[in-house]
Amino acid sequence: MEYKNVLTTCPYCGTGCNLHLQVLDGKLVGVLPAKGHVIADGGLCIKGWNAYAFVQDKDRLHTPLIRKNGSLVEASWDEALALVAERLGQVKAAHGADSIGILASAKCTNEENYILQKFARAVIGTNNVDHCARL
Amino acid sequence: MSDRLNDLRQAVERLLPEVDGVVALKQGPGGIVAPHLFQREQPADLAALALWPKYPVPDTLKIIQKAHPGSTLAVVCRGCEERGIVEMAKHAQIDLAKVRMVGLQCVADEATFCRCAKPFTAHATVTVGDKIEGVPDALTDAFLTKSQEEKLAFWKEQFTRCIKCYGCRNICPQCFCNVCALEDETWVETGRLPMPMPPMYHLVRAMHMTAKCVACRECEETCPAGIPMAIQFRLIAHDVQQMFGYETGAVIDQKPPQLLVLEEGDYAKTGLPH
């Protein structure tokens, strides 16, 4: 028998509200707000309150999927990344770097987003960078 | 004046060998507090035992007990939380026979924060801290003399700020229905803010809290919009007390009004229209 609360940052937007993930016998069973935390002080929005629901969802993907002959097939990360690199290279060669756009995410850290825009500008060669908070 | 934290630590330490676990608050990273299951296998956890801020521990107790129905658990509970546990037991959410309650008496600052009329436990066999008297709830008392128009204007302004986070429902230990009416499009239209008048979300919730709310004020505390919704529940509790002589969570073997079969003449005593 084990019950504990794990303090973490809500994964849904860039605000950074903290919340507790309730862990019962190794499984997530719910969320509790973090009273006294500097960002939201015990409050959460509806996304934060449901931030545990997707983690153990049966529909959650565990591997990348590659569309082969019209249907999605499970693939390894190496295989998926190699395909993305190959296709991005083909698109750039055929239509130019500005035919490619990069969408970053408010759910990522600053550092991860920095790497992504660096990838867009230095590797792909485009300034087409936007983020999910404007979608 | 007693050292509540030290006394509580000793009380929990004494209980640990006798039960499968003790539900109480624990300080975590950055000093942030959360409910925790203390167990004899991890005595070092007791160093981080905490008193405040309070959390809805009756719900934590329910979650653990439902997964481990054979276990004997203890819980550190304040007056409101004890009433919550008693009320949940009446609605078959908690098996009281397998629960040992450690009563933590609130201090004046805590009672003032909660506008609490009963900041003390009544059934816990072990208690920590000195019992103090309740404090008046000026916010709720002001409603007793407000006109219908004034009340409507007040709630209209308050509910306009609601962002429908469902936090008040989620945090409430007394909200345990498997199917929640508040998720039905008939009552709460998805995606519409501010919610239209009448605000069905809040009215349905207020009705469902009848004879269930134990005034723990967790809903008000977690509300990002700062809506003082406990006022409604306390006014309803006042009516329930007058109509049915029922005080939520106070007496273990008194049936709540929802479970009562009214005898001939009982309905007339409530003063409700026929």
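Both B:E220 and B:R115 are buried in the predicted model. Their side chains meet in a salt bridge, with an N to O distance of 3.0 Å. B:E220 belongs to helix α9 (residues 218-222) of chain B, whereas B:R115 is found in the loop between α4 and β6 (126-128) of chain B, so the pair ties together parts that are 105 residues apart in sequence. A second salt bridge is formed by B:R234 and B:D137, whose closest N and O atoms are 2.7 Å apart. Here B:R234 is placed in helix α10 (residues 230-244) of chain B and B:D137 in the loop between β6 and α5 (138-141) of chain B; the pair therefore ties together parts that are 97 residues apart in sequence. B:R234 has a relative accessibility of 13% and counts as buried, because the cut-off for this class is under 20% relative accessible area. B:D137 is likewise buried, at a relative accessible area of 8%.

A further pair in chain B consists of B:R192 and B:E189, which form a salt bridge with the closest N and O atoms 3.2 Å apart. B:R192 is partly exposed, its relative accessible area being 38%. For B:E189 the relative accessibility is 38%, and this residue also counts as partly exposed. Salt bridges with shared partners join B:R115, B:D137, B:R217, B:E220 and B:R234 into one network. Over all chains, a search of the whole structure finds 20 salt bridges.

The domain assignment divides chain B into domain 1 (2-128) and domain 2 (138-270). The C-alpha centres of domain 1 of chain B and domain 2 of chain B are separated by 25 Å. Contact between the two involves 21 residues of domain 1 of chain B and 29 residues of domain 2 of chain B. About 2200 Å² is buried between these domains, and carbon and sulfur atoms give 53% of this area. Within domain 1 of chain B, the residues that lose the most area to domain 2 of chain B are B:E87, B:K90 and B:R115, which together make up 31% of what that side buries.

Across the interface of domain 1 of chain B and domain 2 of chain B, 3 salt bridges are found. In the salt bridge between B:K118 and B:E247, the closest N and O atoms lie 2.8 Å apart. The count of residue pairs in polar contact between domain 1 of chain B and domain 2 of chain B is 15, with both residues at pLDDT 80 or more. On the side of domain 1 of chain B that touches domain 2 of chain B, the elements giving two or more residues are α2 (57-67), α3 (79-90) and α4 (108-114) of chain B. Of these, α3(B) gives the most, with 7 residues. By class, this side of domain 1 of chain B has 9 nonpolar, 4 polar and 8 charged residues.

The interface between the chains brings 23 residues of chain A into contact with 31 residues of chain B. The area buried between chain A and chain B is about 2100 Å², and carbon and sulfur atoms account for 68% of it. A:M1, A:Y3 and A:K35 supply 40% of the area that chain A buries against chain B, more than any other three residues.

Between chain A and chain B, 2 salt bridges are counted. A:K35 and B:E221 meet through their side chains in a salt bridge of 3.2 Å, N to O. The interface of chain A and chain B also holds 10 residue pairs in polar contact, both residues being at pLDDT 80 or more. On the side of chain A that touches chain B, at least two residues each are supplied by β1 (3-9), β2 (18-24), β3 (27-33) and α1 (46-49) of chain A. The largest share of this side, 4 residues, comes from β1(A). The residues of the side of chain A that touches chain B comprise 12 nonpolar, 7 polar and 4 charged.

Two further positions in chain B were examined. B:H202 lies in helix α8 (residues 200-208) of chain B and counts as buried at 3% relative accessibility. Apart from its neighbours within four places in sequence, B:H202 is in contact with B:F159, B:C162, B:M195, B:I227 and B:Q232. B:Q42 is located in the loop between β2 (33-38) and β3 (49-50) of chain B and is partly exposed, with a relative accessible area of 39%. B:Q42 and B:L16 are 26 residues apart in sequence, and their C-alpha atoms are 10.0 Å apart in space.

Notes. Residues are numbered from 1 along each chain as its sequence is written. Chains are lettered from A and ligands numbered from 1 in the order in which they are written. This is a predicted model: local features need pLDDT of at least 70, side-chain atom pairs count only at pLDDT 80 or more; totals for chains, interfaces and linings use all residues. Side-chain values use heavy atoms; hydrogens and water are left out. Domain bounds come from an automatic or database domain assignment. Contact means heavy atoms within 4.5 Å. Buried area is the accessible area (1.4 Å probe) that two parts lose on being put together, summed over both. A salt bridge is a side-chain nitrogen of Lys or Arg within 4 Å of a carboxyl oxygen of Asp or Glu. A polar contact is a pair of N or O atoms within 3.5 Å; within protein, one must be able to donate a hydrogen and the other to accept it, and residues adjacent in sequence count only if both atoms are side-chain atoms. Ala, Val, Leu, Ile, Met, Phe, Trp, Tyr, Cys and Pro count as nonpolar, Asp, Glu, Lys and Arg as charged, and the others, Gly among them, as polar. Buried means under 20% relative accessible area, exposed over 50%, partly exposed in between (1.4 Å probe, protein chains only).
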